[in-house]
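Hi everyone, thanks for coming.

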Amino acid sequence: MLKVGVFGVGHLGKFHLNNWKEIEGVELVGFYDPNDAVAKEVIEKYGLKRFDDVTSLLAKIDAADIVAPTNHHFVLCEAAIRAGKHVFVEKPLANTIDEGRQIVKMAREAGVKIQVGHVERFNPAFLAIKNMKLNPGFIEVHRLAQFNPRGTEVSVILDLMIHDIDIILSIVKSDVKNIYASGVAVMTETPDIANVRIEFNNGCVANLTSSRISMKRMRKMRVFQKDAYIGIDFLEKKTEIIKLHEEGDVNAFSFDLETPGGGTKTISVINPETKPLNAIKEELASFVDAIINNKPTAVSEIDGFLAMEVAHRILEKISTNNIPA
């Protein structure tokens, strides 16, 4: 049995507790949280043991699940890695680039598994195109949320947009060439709404808009590449593919389209089946599988670092653009 301890049992931490209890091969040893009121609630609801300090819980476990606020990630990751424990840590990996870089270095030296909680990698709408050959030329993203004070200790870039940054980096597979960004702090002291253009060395361009002060919710990504369009709705968990017809296209609606030269092309419209699943449970189970079977984690510390590095470059651009003339 893999012994797991949870560090931070607030709103998201409770989701993790619920899912850990359903994953085979896992023993949930207990939790650490300095908030007495939250701890009391968890003890009563889950019957879990509360540990008074980080070190005592680390001594009893094989893997640490860090769901504390971002500004606590580094200290907790450092303690777990130095204790030789595997680590699942919520996104973003760390609060600063230097902290993220140190976590990557420590993990490599200790030889432990690290997985970063970029949960959209496990969204059914994204998994539906996992085996599709992607070579994006242009990507458009809208991630809008209604205002919620929870999570506002970081900017909308690190709170919301970083999900899409991670997805984009995973499918473009090219270094970032240029970043253009603008953002405005409306309800907090950091940007609450932002628009970003990322240009990659391979020519791909991604336009991202994120807001946490919207009247409606939206989590959509549109991917355009030669001969294909892919629409991913992370919120509704639906995917649509419009592409040139190929032999073997399954469950496709096809039609002929006249081309400017007078010919025709056959177009397929495909709505891949998206299996209902719990993305948080899937990512935690994936982490367990990586440990037990000594496989690379689905979202490594390198992946987490690259996403937060781009996010911080965006924040620097916004900061520079907002300096009064």
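Let's begin with an acidic residue, Asp233, which sits in strand β12, residues 228-233. Please keep in mind that this is a predicted model.

Is Asp233 buried or exposed? Asp233 is buried, and yet it has no salt bridge. The nearest side chain of opposite charge belongs to Lys220, 4.2 Å away, while the cut-off for a salt bridge is 4 Å. So which residues does Asp233 touch, once we set aside its neighbours within four places in sequence? Those contacts are Ala125, Arg219, Lys220 and Lys238.

Now let's move to the surface. Here we find a nonpolar patch formed by Phe147, Val184, Val186, Met187 and Ile193. Together, these residues have about 420 Å² of accessible area. One of them, Val186, lies in the loop that links β8, residues 176-184, to β9, residues 193-200. Val186 counts as partly exposed, because its relative accessible area is 46%.

Finally, a look at the annotations. An unreviewed UniProt entry lists "domain: Gfo/Idh/MocA-like oxidoreductase N-terminal" for residues 2-118. In the model, that stretch is 43% helix and 24% strand, and its end C-alpha atoms are 22 Å apart. The unreviewed entry also gives "domain: GFO/IDH/MocA-like oxidoreductase" for residues 154-223. There, the chain is 24% helix and 43% strand, with 28 Å between the end C-alpha atoms.

That's my tour, and I'm happy to go back to any part of it.

Key. Residues numbered from 1 in each chain as written. Predicted model: local features only at pLDDT ≥ 70, side-chain atom pairs only at ≥ 80, totals over all residues. Heavy atoms only, no water. Patch = residues over 30% accessible without salt bridge, like charges linked within 9 Å, V, L, I, M, F, W, Y side chains within 5 Å. Areas by Shrake-Rupley, 256 points an atom, 1.4 Å probe, with all protein chains shown as cover. Helix = DSSP H or I, 4+ residues; strand = E, 2+ residues; numbered from the N terminus. Buried < 20%, exposed > 50% of the residue type's maximum accessible area, 1.4 Å probe, protein only. Lys, Arg positive; Asp, Glu negative; His and termini not counted. Contact = heavy atoms within 4.5 Å. UniProt positions renumbered as here; feature names shortened; annotations may be inferred.
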